[in-house]
Amino acid sequence: MEALVLPGTLDALDPIADYIKMAAQEAGLDSRATYRLRLAVDEIATNIITHGYAEAGCEGNIEIAAILDAKSLTIHLEDTGITYDPSRAIATEEETILKPLADRPIGGLGVYLAIQGVNRFIYEREGNRNRNIFVVYRDPA
């Protein structure tokens, strides 16, 4: 699939979701895997838009690309916002889950819960770009 470049605003979330649905359909993912992938990408894209751009006083684009091979569907989500490594949030959110329910703050588990829905998640920082990589394995049947 051809990559898609969108402005880093909340208006980009629907086209990103549509892109994920098309890529998942091409990959032959079932509805559950498609939903989980869409949730993971939406969570990270929302964080890019709200924290990486808007709260930081920056503007920029989000680029999304799908790579399909015999074993997996890989989604690359890239931006030029402030450096943000979701894997650090995952570690903090994992600690929160281990606390008793009464000691947990409300919210703050979005990244952790979303990333649990994909087979692999990788974060890279290259130059001024954040690259979030989501991998979902295709059904071998």
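This is a predicted model: local features need pLDDT of at least 70, side-chain atom pairs count only at pLDDT 80 or more; totals for chains, interfaces and linings use all residues.

Biologist: How many helices and strands in the protein chain?
Modeller: Four helices and five strands. These are DSSP runs numbered from the N terminus: helices are H or I with at least four residues, strands E with at least two. Along the sequence the pattern reads β-α-α-β-β-α-α-β-β.

Biologist: And what share of the residues is buried?
Modeller: 40% of the 141 residues. Buried means under 20% relative accessible area, exposed over 50%, partly exposed in between (1.4 Å probe, protein chains only).

Biologist: At what angle do H1 and H2 pack?
Modeller: About 150°, with the axes 10 Å apart; H1 spans residues 13-27 and H2 residues 31-54. That makes the pair roughly antiparallel. Angles under 35 degrees count as roughly parallel, over 145 as roughly antiparallel, 65 to 115 as roughly perpendicular and the rest as oblique. Axes are lines fitted to C-alpha atoms, for helices over the stretch in contact, and angles run from 0 to 180 degrees between N-to-C directions.

Biologist: Which residues make that contact?
Modeller: From H1, they include Leu13, Ile16 and Ile20; from H2, Leu37, Val41 and Ile49 are among them. Contact means heavy atoms within 4.5 Å. By class, the H1–H2 contact has nine nonpolar, two polar and three charged residues.

Biologist: New topic. Is Glu78 buried or exposed?
Modeller: Glu78 is buried, at a relative accessible area of 13%. Its place is in strand S3, residues 72-79.

Biologist: What does the Glu78 side chain make a polar contact with?
Modeller: The side chain of Arg129, at 2.8 Å. A polar contact is a pair of N or O atoms within 3.5 Å; within protein, one must be able to donate a hydrogen and the other to accept it, and residues adjacent in sequence count only if both atoms are side-chain atoms. Leaving aside neighbours within four places in sequence, Glu78 is in contact with Asn61, Ile62, Glu63, Arg129, Asn130 and Arg131.

Biologist: Last one. Where does Ile115 lie?
Modeller: In helix H4, residues 110-115. Ile115 is buried, with a relative accessible area of 8%. The C-alpha atoms of Ile115 and Ala40 are separated by 5.4 Å, though these residues are 75 apart along the chain.

Notes
Residues are numbered from 1 along each chain as its sequence is written. Side-chain values use heavy atoms; hydrogens and water are left out. Ala, Val, Leu, Ile, Met, Phe, Trp, Tyr, Cys and Pro count as nonpolar, Asp, Glu, Lys and Arg as charged, and the others, Gly among them, as polar.
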